[in-house]
Amino acid sequence: MKKFLLITENYVVSLFTRKLNKDYLFHNLSHTQQIVNSIKELIIGEKITEVEANILFFAAWFHDVGSIYRKENHIEASVNIATTFFEEYNIDNVIIDDVVRLIRATKQEAESNDFLEKIMKDAVSFYYSESSFIDKNQLLKQELKLLFRRDYSELEWIQKTINAFVKEHRFYTKYAQENWQKGKDKNLAKLIKIESKLLKGKTAENNIEIVLKLYNSL
């Protein structure tokens, strides 16, 4: 299976390198490689069996590859690419079904129904705990603007991110809670500081507008 994992890696790397739109500033090969590294860390931390580890690695490599063909609902495109790839190598349907299930678990709105799905969800959100989170979050903001024409102001984006941190995201595994939560908390504190500065700037801007209106009315 180690040999097939290498074949899988080479296949996905080739697809990303040759076909991915350059406007994917965040969801690109580097991001996928980071997810794979996060999976490695969780496999060791949570003492996952070799069979389960392989399924997690397959899902990690394929979970975003559908972006090369489709912007909307790229997860299902990823499922199709992975399924076709595994069928060509006559991989057991049980393994294929598990990989598909874990790819779909990466959808933001998806519920985690078992432990492997929880590991998968923690891996894809590992960057919430990284010291480079603020920079990566800006890349995501630019990606949304370029690909989907979602042009958020800095304040809107920071507040949207804070809402995601507080209301939408959580780490599921014990390892992530013990090792990644502190990094996430530090990033939340940074976001709140940025929001505070932006709000002060907005207040000052509004005050200037009020003064100018009063002046022009004289």
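Predicted model: local features only at pLDDT ≥ 70, side-chain atom pairs only at ≥ 80, totals over all residues.
**Aromatic pairs and a buried aspartate**

Ring pairs join Phe4, Tyr11, Phe58, Phe62, Phe85, Phe86 and Tyr89 into a cluster. A search of the whole structure returns 21 aromatic pairs.

Let me take one of them in detail. The ring centres of Tyr11 and Phe85 are 4.5 Å apart and the planes meet at 20 degrees, so this pair is classed as stacked; the cut-off for that class is under 30 degrees. The two partners come from distant parts of the chain, 74 residues apart: Tyr11 belongs to helix H1 (residues 2–19), and Phe85 to helix H4 (residues 74–88).

A tilted pair is formed by Tyr152 and Trp157, with 5.3 Å from centre to centre and 45 degrees between the planes. Trp157 is buried, its relative accessible area being 3%.

Rings also meet charge in this model: Arg150 is placed over the face of Phe148, 5.0 Å from the ring centre.

What is the nearest side chain of opposite charge to Asp122, and how far away is it? It is Arg170, at 7.1 Å. Asp122 has no salt bridge, although it is buried; a salt bridge would require a nitrogen–oxygen separation within 4 Å. Leaving aside residues up to four places away in sequence, Asp122 touches Leu42, Arg170, Phe171, Tyr172, Thr173, Ala176 and Trp180.

Definitions and conventions
Residues numbered from 1 in each chain as written. Heavy atoms only, no water. Phe/Tyr/Trp six-rings, centres within 6.5 Å; stacked < 30°, edge-to-face > 60°. Helix = DSSP H or I, 4+ residues; strand = E, 2+ residues; numbered from the N terminus. Buried < 20%, exposed > 50% of the residue type's maximum accessible area, 1.4 Å probe, protein only. Lys NZ or Arg CZ within 6 Å of the ring centre and 35° of its normal. Lys, Arg positive; Asp, Glu negative; His and termini not counted. Contact = heavy atoms within 4.5 Å.
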